[in-house]
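Let's take a walk through a protein fold together, one piece at a time.

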Amino acid sequence: MSEGLTLQELTDCGAHQRGHFLLSSGLHSGDYLQCALYLAQPQRAARAGGVLANAIAKAGLAPEIIVAPAMGGLIIGHETARAMGIPFVFTERAEGEMVLRRGFGLERGQPVVVVEDVVTTGRSTREVISILEGLGADVTGVASIVNRSGEAQPFAPLPSRALLEVDFPTWAAEECPLCRDGVPIAKPGSRPIK
C-alpha cells in the first residue's frame, strides 16, 4: 500500500462486504465498506494514515489540525494527524446535531483538513465543514480512505484526496433491485437514518 489502497486489501480483511445494505445516507447498495475492520489492525491503520498524510502534503493543503467525524473518521483521522505531527480533533452527535467534541477548540483562520473513512454522499463531511467554517476555521481540503461518491472532487471547490476510488451502485429504496428480489437488508452504519 505504498501509494494507495486496493479493494482486494479491504476484501481480504472483511472490510468490503457484499449483500444488501441500507447505508447511513439512506441509499441501498450491494456493497458495504466497513473500514473499521481494516483499521482494527494497528499496523494497517498507521500505514493508511501515513499514505493519507503524504497525499495531503503532496496536494499542498498544509493543515495545522485534522478534524474527523465520529465514528468512522476517528481512527484514520487520528493516524493521519499522527503521521503529520499535528493535533487531531473530532466531532460527535449531540442531541441529533453534529458538534465539535466538548473541550476542543480551533483558532480563527486555522488551516484544517477534514478526514473521513468513506465518502458516499458526503453528508457527514459537509456537516463537519459547516461546523468548522462557523467557528472561523480555514477548511483547506478533505481526505478519505475511500471515495465511493462517483465524483472525482465531491467537495469542490475544496480539493479532496482518497486512497481508493470505487464505483459501487447505490439506489433509492423504491428503485432498489435487491429489495425487488426480496434480499434481506442489513443496516450496518453508525449514523441514524433520517
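Two strands pair if DSSP finds at least two bridges between them. Helices (H or I, at least four residues) and strands (E, at least two) are DSSP runs, numbered from the N terminus. Before we go on, note that this is a predicted model, where local features need pLDDT of at least 70, side-chain atom pairs count only at pLDDT 80 or more, and totals for chains, interfaces and linings use all residues. Residues are numbered from 1 along each chain as its sequence is written, and side-chain values use heavy atoms, with hydrogens and water left out.

Now for a sheet. Six strands make up an open sheet in the order E5-E4-E3-E6-E7-E8, and their pairing is mixed. Which strands stand at the edges? They are E5 (97-100) and E8 (160-165); each has a single partner strand, so one side of each is left without a neighbour in the sheet. From one strand to the next, the twist averages 25°; angles here run from 0 to 180 degrees between N-to-C directions, and axes are lines fitted to C-alpha atoms, for helices over the stretch in contact.

Let's look at the E5 end. Strand E4 (residues 88-94) runs antiparallel to E5, and four bridges join the two. To find one of these spots, look for Ala94, whose bridge partner in E5 is Glu97.

H3 touches strand E3 (65-69), strand E6 (111-119), strand E7 (138-147) and E8, and its direction makes about 140° with that of E8. (Contact means heavy atoms within 4.5 Å.) Helix H5 (residues 123-134) also packs on the sheet, where it touches E3, E4, E5, E6 and E7; the direction of H5 makes about 165° with that of E6.

Next, see how helices can meet each other. Two packed helices are described by the angle between their axes and the distance between the axes. For helix H3 (residues 42-58) and helix H4 (residues 74-84), that angle is about 65° and the axes are 7 Å apart. H3 passes H4 in a right-handed crossing; a crossing is right-handed if the near helix is turned clockwise from the far one by less than a right angle, and left-handed if anticlockwise. Among the residues making the contact are Ala45, Gly49 and Ile56 of H3, along with Ile75, Glu79 and Met84 of H4. How do the residues of this contact divide? Ten are nonpolar, three are polar and two are charged. For that count, Ala, Val, Leu, Ile, Met, Phe, Trp, Tyr, Cys and Pro are nonpolar, Asp, Glu, Lys and Arg are charged, and the others, Gly among them, are polar.

There is also an open sheet of three strands, ordered E1-E2-E9 with antiparallel pairing. Here E1 and E9 stand at the edges with a single partner strand each, so one side of each lacks a neighbour in the sheet. On E2's other pairing, two bridges connect E2 with strand E9 (residues 170-171), and Ser29 stands opposite Thr170 in E9. Strand E2 (residues 28-33) is mostly covered, with six of its six residues buried. (Buried means under 20% relative accessible area, exposed over 50%, partly exposed in between, using a 1.4 Å probe and protein chains only.)

Zoom in on His16, which sits in strand E1 (residues 16-22). Is His16 buried or exposed? With a relative accessible area of 13%, His16 is buried. Leaving aside neighbours within four places in sequence, His16 is in contact with residues including Leu7, Tyr32 and Phe168.

Finally, visit a few loops. Between E3 and H4 you'll find Met71, and the peptide bond from Ala70 to Met71 is cis, with omega near 10°. Another cis peptide bond joins Ala156 and Pro157, with omega about 15°; Pro157 lies in the loop between E7 and E8. In the loop between H3 and E3 is Ala62, which has a positive phi of about 45° although it is not a glycine. Ala62 is exposed, at 57% relative accessible area.
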